[in-house]
Amino acid sequence: MQFLAISGSLRAASANSSLLRAAAILAPEDVTIKFYEELGGLPHFNPDMDNAPPPNSISRFRQQLRSADGVIISTPEYAHGVPGALKNALDWLVASGELYEKPVALFSASPRANYAHASLAETLNVMTARIVSEACIVLPLIGKNLDKYGIISEPDISRKIRSALIAFAQATSLQEQQR
């Protein structure tokens, strides 16, 4: 099973990116997590550009989503909302449908990111993504300056990540069986 991890942060030392990189290490044996690296390089969404063929970076992004069994998104909150780069990426997917019924888990490195979480969930619901609530986690990582190895070394945190990933894999597998 393969999941695509998307961090809503473009910062090099992002707690949300570190959380996703730790998740890739903590993933169950039968799960591979690939980190999406091109968020900051996507062009600004313009419906006039979304024709055949779309820009190469958009085609690559859509292909990675199509080949993923599920998507894990971890994002910070900026000004009570989702960062612009992440929202831009999602805008490119509205009409193309890569997230239609796709299982999605929402991770957060901050208990204070309530507005971003709600906004992201609303956007994904409108796009008919299937948010797997039992796989969504909020962890208190902000201000701890932990890299992926520091996160993994925290037993309680790594246990929560692993449990969320197991729940996500089970829900994704169940959905596949029902198709």
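How many cavities of 30 Å³ or more does the structure hold? The structure holds one. This is a predicted model, where local features need pLDDT of at least 70 and side-chain atom pairs count only at pLDDT 80 or more, while totals for chains, interfaces and linings use all residues. Residues are numbered from 1 along each chain as its sequence is written, and side-chain values use heavy atoms, with hydrogens and water left out.

**View 1. The largest cavity has a volume of about 40 Å³.** A cavity here is a set of points, on a 1 Å grid over the protein atoms alone, where a 1.4 Å probe fits but cannot get out. Its volume is the space filled by probe spheres set on the points.

**View 2. Here's the lining of the largest cavity: T75, L106, F107, S108, A113, A116, H117 and L120.** Lining residues have an atom within 4 Å of a point. They split into five nonpolar, three polar and no charged.

**View 3. Meet the largest nonpolar core, with 29 residues.** A nonpolar core joins buried (under 20% relative accessible area, 1.4 Å probe, protein chains only) Ala, Val, Leu, Ile, Met, Phe, Trp, Tyr and Cys residues through side-chain atoms within 4.5 Å. L19, I33, I72, F107, L141, I161 and L165 touch the most other members. The largest share, seven residues, comes from α6.

Definitions and conventions:
1 Å grid on protein atoms, 1.4 Å probe; cavity = no way out; pocket = protein on both sides within 12 Å on 5 of 7 lines; lining within 4 Å. Nonpolar A, V, L, I, M, F, W, Y, C, P; charged D, E, K, R; others polar. Buried < 20%, exposed > 50% of the residue type's maximum accessible area, 1.4 Å probe, protein only. Helix = DSSP H or I, 4+ residues; strand = E, 2+ residues; numbered from the N terminus.
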